[in-house]
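Let's walk through this structure together, one element at a time.

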Amino acid sequence: MSGRTEGGAWAKASHIMLALLLRDIRLNIRAGGGALTGVIFFLAVIATIPFGVGPDLKLLSRIGPAILWIGALLSCLLGLDRLFQADREDGSLDLLVLGNDRHMLALTVLVKCLAHWAGSVLPLVIAAPLLGLFMNMEPLSIGATALTLLVGTPAITFIGAAGAAVAVALPRGGLLISVLVLPLTIPVLIFGVSASYGATANPDPFLQPFLILAALTLFLSVLGPVSAALALRHGTD
Amino acid sequence: MRLIAENLGGERGGETVFSGIGFALDRGQALVVTGPNGSGKSTLLRIIASLLPVAEGSVLLEGGGEAFPSIASACHYLGHQNAMKTALSVVENLRFWRDFNGGGEIGVEEALETVGLGGIGHLPFGYLSTGQRRRAAIAKLLVSHRPLWLLDEPTAGLDSASEARFAGLMGRHCAAGGMIVAATHLPLGLEGAQALVMGQAF
């Protein structure tokens with residue numbers, strides 16, 4: 001009996017969260033343009049590097065994974081300020097916070113993060129292999145970098161959610177969020193880049209940094225939404 | 001079910017806006033909060049909804065049972081903003097809030113008919129006029145069941161026909177055992193409602 005009610009509660013919660021996920025993804029597609037802005041910024045960063053570094057193809061392919069990661073990281077930060085601000089402006093955030101007693105606010109935040117990632121960050125991961133060609137990277141290196149981006153960028157979104165929640169009441173919080181979030185994303189960057197290098201540079205390991213990267217994402221998928229929920233709960237005015 | 005506030009005080013940015021507010025609301029009763037601008041009507045509603053911390057005193061819901069353990073879980077909060085997305089259609093908006101808050105007795109289409117927006121549910125919310133937006137937000141109160149309605153200037157922007165219709169809806173909600181706390185400047189047409197006038201103590 002209790003198993004059935006638990007199952008029912010689980011089905012209900014997943015139904016609610018699916019509704020939220022679909023709404024946010026739909027909003028991202030219809031109202032956003034966030035995905036395109038991010039991809040174009042990513043393109044701009046990567047396209048500028050060869051002009052700055054010079055036409056040394058070997059050097060470019062050597063720094064390629066790192067540059068791709070830095071470009072993706074910066075592009076990730078671009079749309080973060082809208083994560084909760086849009087909901088706050090039209091009053092939806094109050095109702096999402098009020099729903100806390102029925103389904104944990106942290107879960108709501110997690111789903112919003114996933115929707116944001118799917119709408120704004122996943123396009124960056126998809127664009128990364130193409131931009132890797134700009135950096136004269138080998139196919140294996142491109143594949144490894146795209147894979148590490150796929151696994152590591154959700155962590156950036158989860159950290160970003162905490163920053164976005166803290167700065168939600170500020171009218172021009174975008175830059176502040178970037179400044180808050182960037183230092184916290186450094187471990188993700190380090191392990192993402194070292195796993196990317198590990199795939200091609202022979203003595204370096206790939207699996208260990210990659211697993212740590214995956215662990216970071218999992219860890220932050222709890223810590224980020226929980227702290228964001230805490231900030232939102234106490235940040236309403 | 002009973003909503004009780006005792007010696008309630010609220011503050012904004014460290015400054016006391018009001019204090020010593022007390023009322024008790026039984027099932028089927030309504031409370032109309034009036035007062036000049038800045039007297040703390042909206043703050044009071046947000047404190048009741050537990051969106052703002054209580055500065056002093058207490059407000060609690062008795063007898064909510066398992067379904068409504070707290071005020072937050074038992075209330076609909078209709079603030080100044082309508083909490084609807086302009087890029088989504090009216091029906092999509094309402095359907096989301098019904099899914100998120102749990103379904104009520106009536107469906108989305110029926111709720112739209114009730115507030116007089118039947119037939120335009122497919123339009124993006126952003127295309128609606130101010131009054132129509134408010135009516136769509138009122139329809140949001142109908143698609144999920146909550147015993148306590150917290151309404152902040154609910155009739156702002158409504159024409160007189162919609163006001164009358166909304167008064168009927170509120171009357172029906174109370175008759176069905178619901179409770180209403182409404183902050184307003186305009187008469188709401190709620191019969192037998194308690195009145196709370198704020199801003200007199202200062």
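**A helix across a sheet**

In chain B, helix α1 (residues 41-48) lies across β1, β2 and β4 of that chain, and its direction makes an angle of about 125° with β1(B). Please bear in mind throughout that this is a predicted model.

What is the order of the strands in the open sheet of chain B? The 3 strands are arranged β2-β1-β4, with antiparallel pairing. The edges are taken by β2 (15-26) and β4 (56-62) of chain B; each has a single partner strand, so one side of each is left without a neighbour in the sheet. From one strand to the next, the twist averages 20°. As background, strands of a sheet pair through backbone hydrogen bonds, in either a parallel or an antiparallel way. Here, strand β1 (residues 2-12) of chain B pairs with β4(B) in the antiparallel sense, over 6 bridges.

Now zoom out to chain B as a whole. This chain has 6 helices and 8 strands, and from the N terminus on its elements run β-β-β-α-β-α-β-α-α-α-β-α-β-β. Its C-alpha trace spans about 45 × 35 × 30 Å along the principal axes. A compact globule of 202 residues would have a radius of gyration near 17 Å, and chain B agrees with this, at 17 Å.

**The helices of chain A**

Along its principal axes, the C-alpha trace of chain A spans about 60 × 45 × 30 Å.

Two packed helices are described by the angle between their axes and the distance between the axes. Let's take two pairs in turn.

For helix α3 (residues 57-78) and helix α8 (residues 174-198) of chain A, the axes come within 10 Å and cross at roughly 150°. Angles over 145 degrees count as roughly antiparallel, which makes α3(A) roughly antiparallel to α8(A). The crossing of α3(A) and α8(A) is right-handed. Among the residues making the contact are A:Trp69 and A:Leu73 of α3(A), and A:Leu182, A:Leu189 and A:Tyr197 of α8(A). By class, this contact has 10 nonpolar, 4 polar and no charged residues.

How far apart are the axes of helix α7 (residues 139-166) and helix α9 (residues 207-235) of chain A? They are 7 Å apart, and the two helices pack at an angle of about 20°. Therefore α7(A) and α9(A) are roughly parallel to each other. The crossing of α7(A) with α9(A) is left-handed, and their contact has 18 nonpolar, 7 polar and no charged residues.

**Where the chains meet**

Finally, bring both chains into view. In all, 21 residues of chain A are in contact with 20 residues of chain B. On the side of chain A that touches chain B, α1 (2-32) and α5 (92-98) of chain A each supply at least two residues. Which of the elements gives the most to this side? It is α1(A), with 9 residues. The residues of this side divide into 8 nonpolar, 6 polar and 7 charged.

Terms used:
Residues are numbered from 1 along each chain as its sequence is written. Chains are lettered from A and ligands numbered from 1 in the order in which they are written. This is a predicted model: local features need pLDDT of at least 70, side-chain atom pairs count only at pLDDT 80 or more; totals for chains, interfaces and linings use all residues. Two residues are in contact if their C-beta atoms, placed from the backbone, lie within 7 Å. Helices (H or I, at least four residues) and strands (E, at least two) are DSSP runs, numbered from the N terminus. Ala, Val, Leu, Ile, Met, Phe, Trp, Tyr, Cys and Pro count as nonpolar, Asp, Glu, Lys and Arg as charged, and the others, Gly among them, as polar. Two strands pair if DSSP finds at least two bridges between them. Axes are lines fitted to C-alpha atoms, for helices over the stretch in contact, and angles run from 0 to 180 degrees between N-to-C directions. Angles under 35 degrees count as roughly parallel, over 145 as roughly antiparallel, 65 to 115 as roughly perpendicular and the rest as oblique. A crossing is left-handed if the near helix is turned anticlockwise from the far one by less than a right angle, and right-handed if clockwise. The radius of gyration is taken over C-alpha atoms; the globule rule is 2.2 Å times the number of residues to the power 0.38.
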